[in-house]
Amino acid sequence: MGSLIPVDLQVAEPAVAPRGRFVVLEGIDGCGKTTQLEALRTWLPSSGLLAPGAQLIVTREPGGTGLGSALRQLLLHPPGEAAPEPMAELLLYAADRAQHLEQVIRPALAAGHWVLSDRFSGSTAAYQGYGRGLDLPTIAQLEQLATGGLEPDLTLWLELPLAESLRRRGARSADRIEASGEAFLQRVADGFAALARERGWRRVDATQLPEQVAASCRSQLAGLAAGSVS
Ligand code: Z5A
């Protein structure tokens, strides 16, 4: 039976864009995040996974906004004696994230777009928590403040042994965090493994050839789009 409400009195349902997807790549320095994000930037728009009209936003932390770019410079290549102490470093990463959330991530997700980010709050727990030894519950509180509780739909942890990370860096000069020493970097690597277990991140073997790593990432994204990743 047809509707009893005259057509001119029917109120159209507001068009609600489906919430987008938020995907994060995490791992130690040199694990291949940049390489894989570039591959996904090429593949994802024509993969059929995005809803019609949805766009792909590729971004990063630190540095996904104008403020973030300035913070990135201060965090990784501070001039003179401007290097932050550990607590100041933690707060600067939180400030970068709060700005990133408000200006980039939330608006994109609300418009139904996909956001792929090179690092997110897991990096703070790994580097400032496990690496620097700052209090993990305090970091969790700060994460809650900066993100308002927003979590990635999927985090891909590109697992790479530290020795291979150092080999890949080769003669390239280290930024301030990379220059913190091997013991620090090993604590960070161990931290990523612990976080992956706690937070249910998807592990990707980053020692494989780049194309094999890419295939693993594509398969995880297909699972997310199909609803088999929660
Ligand atoms: N940080 C923090 O402390 N707290 C926080 O909350 C956040 C960040 C958000 C940001 O640096 C720094 O900030 C980072 C953590 C800290 N610490 N440091 N240093 P970043 O994320 O911009 O840069 P990075 O982590 O040092 O990444 P990277 O050096 O750009 O590496 P990558 O992006 O993971 O890897 P890549 O550039 O794709 O590859 C590295 C090299 O390996 C390159 O020569 C590739 O050609 C090669 N490669 C890539 N894949 C392969 C495979 N599969 N096989 C062989 N070789 C490969």
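**Figure 1. Surroundings of V58 in the predicted model.** Leaving aside its neighbours within four places in sequence, V58 is in contact with L37, R41 and L116. This close-up, like those that follow, is taken from a predicted model. V58 is found in strand 2. Although L37 stands 21 residues from V58 in sequence, the C-alpha atoms of the two residues are 7.5 Å apart in space. V58 is classed as partly exposed because its relative accessible area is 22%, a value between the limits of 20% and 50%.

Figure 2. Strand 1 and strand 3 (residues 114-118) run parallel and are joined by five bridges. R21 stands opposite W114, a residue of strand 3.

**Figure 3. The largest pocket and its lining.** The volume of the largest pocket is about 730 Å³. Its lining comprises 34 residues, of which K33, R72, D118, R119 and D175 are the closest to the centre. Two or more lining residues come from each of helix 1, strand 2, helix 2 (66-76), helix 3 (86-110), helix 4 and helix 6. Helix 1 gives the most to this lining, with six residues.

Figure 4. Most residues other than glycine have a negative phi, and most peptide bonds are trans. The peptide bond that joins E61 and P62 is cis, with an omega of about -10°. P62 belongs to the loop between strand 2 and helix 2. R119, which is not a glycine, has a positive phi of about 80°. This residue lies in the loop between strand 3 and helix 4. R119 counts as buried because its relative accessible area of 11% is under 20%.

**Figure 5. Helix 7 and the elements that cover it.** Helix 7 consists of 18 residues (residues 182-199). The buried residues of helix 7 are F184, L185, V188, A189, G191, F192, A193, A194, L195 and A196. Among the elements that cover these buried residues are strand 1 (21-26), helix 4 (121-131), strand 4 (154-159) and helix 6 (162-169). Just after helix 7, G200 takes a positive phi of about 70°.

Figure 6. G170 lies in the loop between helix 6 and helix 7. With a relative accessible area of 51%, G170 is over the 50% limit and is therefore classed as exposed. G170 and V24 are 146 residues apart along the chain, and their C-alpha atoms are separated by 26 Å.

Notes
Residues are numbered from 1 along each chain as its sequence is written. This is a predicted model: local features need pLDDT of at least 70, side-chain atom pairs count only at pLDDT 80 or more; totals for chains, interfaces and linings use all residues. Side-chain values use heavy atoms; hydrogens and water are left out. Helices (H or I, at least four residues) and strands (E, at least two) are DSSP runs, numbered from the N terminus. The expected span of a helix is 1.5 Å times one less than its number of residues. Buried means under 20% relative accessible area, exposed over 50%, partly exposed in between (1.4 Å probe, protein chains only). Contact means heavy atoms within 4.5 Å. Two strands pair if DSSP finds at least two bridges between them. On a 1 Å grid over the protein atoms alone, a cavity is a set of points where a 1.4 Å probe fits but cannot get out, and a pocket is an open set with protein on both sides within 12 Å along at least five of seven lines; lining residues have an atom within 4 Å of a point. Grid points are joined across faces, edges and corners, and a volume is the space filled by probe spheres set on the points.
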